[in-house]
Amino acid sequence: MSGNHEKRAALKAAFPHTVPILTGFAFLGMVYGMLMASKGYGAGWSLLMSMVVFGGSIQYVAVTLLTAAFNPIQALILSLTINARHLFYGISMLKKYTGTGRLKYFLIFALCDETYSLTSTKEPPEGISAKWFYFWITFLDYSYWVIASFAGGLLGGLIRIDLEGLDFVLTALFVVLFLEQWREKENRLPAAIGLLCSVISLVVFGADNFIIPAMILLAVSLLCGKSRLSKQYHSQKAGEEK
Amino acid sequence: MSTVQVIIMILALAAGVMVTRFVPFVLFPENRQVPKTVEYLGSVLPPAVIALLVVYCLRNVDFLHGSFGLPEILSILAICGLHTWKRNSLLSIAGGTILYMILLHFIG
């Protein structure tokens, strides 16, 4: 297969998966750009922020930081804590992203929640290049966010959109991906453990501080269940190879 | 804040994000054998983390006051129903989101 044809085929296979993210990012990105504009940071700043930082929740938090006193150390620590969950994403993508060559830097650089939720659970269709399939998912999601936040900055106070609740599209995406995972029997135990650990942490530590305790609880539980879970995992792998 | 200070802030935020994204790949480069435990975690984490992301999205919902999280609960039930019935991801996502927006309008 020629290089260009290979890339185009992968793009065609990747795009439909990203449509919910296009919807969610178009909305959340625009709102972000508008919020920044309302604090005196125009479209250029939103564009720069989205291109360089590319992280939804930290960018929203940063709007407040940018209007407070200059404190880069606080910004760094806050960014590390809010984004600590990415460590898990990397661990689960080590294998899939092996052999992706130059593309790997971009795949890692732009590995956000939404992109991870797709690249970790979707496999490229028969005959489609895996590395280009993952690249396009990552690149499309990245572009949606960057373009939307720039557009939001340009529109600024010009229009008022009443699309309250549209951000639920990302929740809906994660629910659907959860259901898809649930269909595979060997995923049910880890999925249930994930749900339980997150809910317990949320109840105990509250909405603003639950992610890191949830991650620790999750890792400990999965490691404790290793003998049972890995047996299931291996028997499934063996089943696939038959 | 001056322009330079804003740029320093952006770089600090970006550094935080990039450290969390790159660390696993720096610790376990392609030419090194990944420890079995890490490999195992990598294989079971995706379903567990997707569950975490669902909870993360719902973290600010108040199930005890106001609308008691009814718009969220009903929309998620609708997604489960739709998805079990048709198993069309885009349809389930669109249906759930539209229902949520309608519910939010009336009982939110």
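In this predicted model, 92 residues of chain A are in contact with 65 residues of chain B. The two chains bury about 7000 Å² between them, and carbon and sulfur atoms account for 80% of that area. Three residues, A:F70, A:L94 and A:F168, supply 10% of the area that chain A buries against chain B, more than any other three residues.

Polar and charged links also join the chains. There are three salt bridges between chain A and chain B. One of them pairs A:K95 with B:E39, with the closest N and O atoms 3.2 Å apart. Between chain A and chain B, 14 residue pairs are in polar contact, both residues being at pLDDT 80 or more. Which helix gives the largest share of the side of chain A that touches chain B? Helix α9 of chain A, residues 168-183, contributes 14 residues to that side. By class, the side of chain A that touches chain B is made up of 62 nonpolar, 22 polar and eight charged residues.

Cysteines are the next topic. A search over all chains finds zero disulfides.

Two residues other than glycine have a positive phi. For A:F54 the angle is near 45 degrees, and for B:R87 it is near 50 degrees. Each is placed in a loop between helices: A:F54 between α2 (43-52) and α3 (56-66) of chain A, and B:R87 between α3 (70-86) and α4 (89-107) of chain B. Are these two residues buried or exposed? A:F54 is buried, with a relative accessible area of 2%, while B:R87 is partly exposed at 43%.

The accessibility values of the residues discussed above are listed here.

| Residue | Relative accessible area | Class |
|---|---|---|
| A:F54 | 2% | buried |
| B:R87 | 43% | partly exposed |

Methods:
Residues are numbered from 1 along each chain as its sequence is written. Chains are lettered from A and ligands numbered from 1 in the order in which they are written. This is a predicted model: local features need pLDDT of at least 70, side-chain atom pairs count only at pLDDT 80 or more; totals for chains, interfaces and linings use all residues. Side-chain values use heavy atoms; hydrogens and water are left out. Helices (H or I, at least four residues) and strands (E, at least two) are DSSP runs, numbered from the N terminus. Buried means under 20% relative accessible area, exposed over 50%, partly exposed in between (1.4 Å probe, protein chains only). A disulfide is a pair of cysteine sulfur atoms within 2.5 Å. Contact means heavy atoms within 4.5 Å. Buried area is the accessible area (1.4 Å probe) that two parts lose on being put together, summed over both. A salt bridge is a side-chain nitrogen of Lys or Arg within 4 Å of a carboxyl oxygen of Asp or Glu. A polar contact is a pair of N or O atoms within 3.5 Å; within protein, one must be able to donate a hydrogen and the other to accept it, and residues adjacent in sequence count only if both atoms are side-chain atoms. Ala, Val, Leu, Ile, Met, Phe, Trp, Tyr, Cys and Pro count as nonpolar, Asp, Glu, Lys and Arg as charged, and the others, Gly among them, as polar.
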